[in-house]
Amino acid sequence: MSEHESTSLVKTLRPFHIWALGVGIVLVGEYMGWNFTVAKGGILGSMLAMLVAGTMYVAISLCASELGSSTKLAGGPYDWARLFIGPGAAASVGLAVYMEYIALEAADAIVVAFIAQSIFPELQVFPVTLLVIALLTFINYRGVVAALTLNFFLTMIAFIAIVAFFFATAFGTVNIHPEYLFQGALPNGMIGLFAALQFGPWFYLGIEGAAMCAEECKHPSRAVPLGQQAGMITLLIGAAMTLYLCAVLIPTDLLGVSVYPLFEAAQNSEVFIFIALLGLGTFLTCVASANGCVCDSSRSWFALSRDKYVSSWFSAVHPRYNTPYRAVIFTMPVAIGFAFSGFLDQVITFSIISGLLCYVLIPFSLIRFRNLFPETTSKVRPFVGPLQPYIAYFAIAIAITILSTLFWGYKYNLIFAFVFYGIAYFYFSHRHRSSNAENNWAEMGWPLPRGSENARIGKEAMSVGDE
Amino acid sequence: METSNQAMESKYYSKLNGDTGLIIGMLLLLVGVEGFVLYKVLSETWEISGNFFYLYIIFVGLVIGIETVGCLSVRQSIKNHMFEFKYYD
């Protein structure tokens, strides 16, 4: 790799870009997918899943805000696990983040193609999916600011569509059916409340990715916490509005199997402006989500490559656009492979399991970070998250509970994911045990972690003993 | 020199107030929307949800409580470091 290719990433992003990245990836989950909670647990099961998953994500977004604003690195969860847990966990998380986002990108691109085909029946799904993936890869290749500014506008339009529809419904402009709430309250009994939890993450899946552009922020210690928390509140509001709108406009048995529930709710309202707005919103959230996924998956691959977990060829930074262009371009063949594997539902489930693995390891990274660096100086920890480490432990407990509910219906996906990440963990732990140099804390401007002095003295004593 | 420092300080506090206003506005919207949806759904389904409504109250309390404390910490962090890291230049 030539010297000029190793320049650093450009630092231009602001809090609204972080908001756009986080919400842009996730908002699609409020336009579709979340309604499987209704099929499992009815309206009451869905509402509990929304609140339980919401509690977990609020805690995780606070952990990610603290870790992101402290480390200021592009790899996000991968870099946090590498610095504070170890190489095996780092590689597993890096791969999990990569798989989570790239599978989501593939799913989004296919939905965009299906929507385009429903508007223009002469179009074919295959070439449109290819075109969407290629176009978004090109935008991300050209520059992160352009990509995330585009995301900001797409996401804002889609969110405003939900807000406008909600207030119109709440103030009586739209005819609603409150009886649907009771009819579909709890169709599968109390077990449905528990079973619905497995699809609860759909409301917020991927918000932790907002912290993955910390290395490209102008002021990461302000942009990451502010953008991430604003994003989290946006999603909580959007989730509650979406659930209410769909629950009072679509009968529960249809809502549980709907492909585009918000759009269907708008169609049932029979108000043209909302049908147009929510149809546009469905399309734009898919584009915004796929766009954010290209950005996040490429950063995860770039970080893995920079630390030589995968070929260092991918860690080159474009001399003109300051983007990790090889990692960005590499998302394209992988996303196309996922998109045309023919097992999209399996791919999406794999994405959720990968996400849940991250939700166990992100709070654990924070607990380790606080143990290793208890000091709260501006250099080490410019943003100090509240109620830690209690909410980190609480988030881990909820993530494991949700993971366990996947055993009902997705047993083989769960076993496959555990085997895949288990192999990755042991392979990379073994490979990097001998070659991995100790983290260079001084380069980050940090002091030595707590206990490192004792470890160093211990090593020296052992080497003297060996002699 | 003193005037320019005062102008900068005034600009910084005005921008901080902007960030604070944004956070408070969003938190108020969150409380309003969550409260409205919770009330509507629980009141319509009270015959069924009356047995376990406390689960919803606990989790909605956790979501709003943790998020509010989190947002206050974000504001405090920005206030503490805004001059040191030149956030608003």
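Predicted model: local features only at pLDDT ≥ 70, side-chain atom pairs only at ≥ 80, totals over all residues.
Is P225(A) buried or exposed, judged by its C-beta neighbours inside 10 Å? With 31 such neighbours, P225(A) counts as buried, since the cut-off for a buried residue is 20 or more.

**View 1. P225(A) sits in helix α10 of chain A.** Leaving out residues up to four places away in sequence, P225(A) touches S65(A), S69(A) and F383(A) in chain A, and V74(B) and S77(B) in chain B.

**View 2. Helix α3 (residues 36–71) of chain A packs against α10(A), with axes that come within 9 Å.** The two axes cross at roughly 175°. That angle is over 145 degrees, so α3(A) is roughly antiparallel to α10(A). On the α3(A) side, the residues that meet α10(A) include I43(A), M47(A), M50(A), Y57(A) and S65(A). Their partners in α10(A) include P220(A), V224(A), P225(A), M232(A) and A247(A). Sorted by class, this contact has 14 nonpolar and nine polar residues, and no charged ones.

**View 3. Helices α7(A) and α10(A) make a left-handed crossing.** Here the axes come within 10 Å and cross at roughly 50°, which makes α7(A) oblique to α10(A). From α7(A), the contact takes F159(A), I162(A), V163(A), F165(A), F166(A) and T169(A). From α10(A), it takes T234(A), G238(A), M241(A), T242(A) and L245(A). Seven of the residues in this contact are nonpolar, four are polar and none is charged.

**View 4. P178(A) lies in the loop between α7 (144–170) and α8 (179–183) of chain A.** A247(A) is 69 residues from P178(A) in sequence, yet their C-alpha atoms are 8.2 Å apart in space.

**View 5. Chain B meets chain A through 35 residues of chain B and 40 residues of chain A.** On the chain B side, the elements that give two or more residues are α1 (2–44), α2 (46–49) and α3 (53–81). The largest share of that side, 16 residues, comes from α3(B). By class, the chain B side divides into 23 nonpolar, six polar and six charged residues.

**View 6. Helix α4 (residues 77–84) of chain A is largely enclosed by the rest of the structure.** The reason is that eight of its eight residues are buried. They are P77(A), Y78(A), D79(A), W80(A), A81(A), R82(A), L83(A) and F84(A).

**View 7. Chain A is divided into domain 1 (3–435) and domain 2 (437–467).** Taken over C-alpha atoms, the centres of the two domains are separated by 37 Å. Seven residues of domain 1 are in contact with five residues of domain 2. The domain 1 side of this contact has five nonpolar residues, one polar and one charged.

View 8. Most residues other than glycine have a negative phi, and most peptide bonds are trans. N322(A), which is not a glycine, has a positive phi of about 55°. N322(A) lies in the loop between α13 (272–306) and α14 (325–339) of chain A and, with 18 C-beta neighbours inside 10 Å, counts as partly exposed. In chain B, phi of K86(B) is near 50°, also a positive value in a residue other than glycine. K86(B) lies in the segment after α3 of chain B and is exposed, with 12 other C-beta atoms within 10 Å.

Technical notes: Residues numbered from 1 in each chain as written. Chains lettered and ligands numbered in written order. Contact = placed C-beta atoms within 7 Å. Helix = DSSP H or I, 4+ residues; strand = E, 2+ residues; numbered from the N terminus. Nonpolar A, V, L, I, M, F, W, Y, C, P; charged D, E, K, R; others polar. Domains from an automatic or database assignment. Axes fitted to C-alpha atoms, helices over the stretch in contact; angles between N-to-C directions. Parallel < 35°, antiparallel > 145°, perpendicular 65-115°, else oblique. Left-handed = near helix turned anticlockwise from the far one by under 90°.
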